Amino acid sequence: MKKILIGLIVLCFITGCSSNQESKDNESKYQSITSEEVFKEIESENTSVYIIDVRTLSEYKSGHIKNAINVPLDNIDTISQYVSSKEDKVIVYCQSGNRSREASFKLLELGYQNVFDLGGIQDWDYEIVR
């Protein structure tokens, strides 16, 4: 019984350490992007750049960035339906920046390589689509 308990403690320690390392790796991969940089991407019509609005459908319908795809945060794991490659550039935004940050980390955990957090649409300096 004592050996089992020690084994469980060691296992918990090992998995805890790997989770912390993964979290640190994702933190180092986290990138933000400015509205000016996103606007330039939109104007360039680059087809390997995806702008993802992680707000609810009703928030999206109230106004969104041109070419943005609505994938609410709760459904972010379905992103592969819209983004063809994990190497493509993915830009996420929400209302204020909280959900987009969370979505960025989830996408990094899913293996997406080029994830950028725009933050909130409230900071978007350009026209929105209604």
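Colleague: Which pattern does the protein follow when read along the sequence?

Modeller: This predicted model contains 4 helices and 4 strands. Taken in sequence, these elements follow the pattern α-α-β-α-β-β-α-β.

Colleague: In what order do the strands form the sheet?

Modeller: The sheet is open and has 4 strands, with parallel pairing. β2 (69-70) and β4 (114-120) each have a single partner strand, so they stand at the edges and one side of each lacks a neighbour in the sheet. Strand β1 (residues 49-53) runs parallel to strand β3 (residues 89-94), to which 5 bridges join it. The order is β2-β1-β3-β4.

Colleague: Which residue in β3 does D53 stand opposite?

Modeller: The strands β1 and β3 run parallel, and β1 covers residues 49-53. The residue in β3 opposite D53 is Y93.

Colleague: Which element gives the largest share of the lining of the largest pocket?

Modeller: The largest pocket has a volume of about 160 Å³. Its lining includes E41, I42, V49, Y50 and I51. Two or more lining residues come from each of α2 (35-44) and β1. The largest share, 3 residues, comes from β1.

Colleague: How many residues of that lining are charged?

Modeller: Among the residues that line the largest pocket are E41 and E45, and Glu counts as charged. The lining divides into 5 nonpolar and 3 polar residues, and the charged ones number 2.

Colleague: What percentage of the residues in the protein is buried?

Modeller: A residue counts as buried under 20% relative accessible area. Of the 130 residues in the protein, the buried share is 36%.

Terms used:
Residues are numbered from 1 along each chain as its sequence is written. This is a predicted model: local features need pLDDT of at least 70, side-chain atom pairs count only at pLDDT 80 or more; totals for chains, interfaces and linings use all residues. Side-chain values use heavy atoms; hydrogens and water are left out. Buried means under 20% relative accessible area, exposed over 50%, partly exposed in between (1.4 Å probe, protein chains only). Two strands pair if DSSP finds at least two bridges between them. On a 1 Å grid over the protein atoms alone, a cavity is a set of points where a 1.4 Å probe fits but cannot get out, and a pocket is an open set with protein on both sides within 12 Å along at least five of seven lines; lining residues have an atom within 4 Å of a point. Grid points are joined across faces, edges and corners, and a volume is the space filled by probe spheres set on the points.
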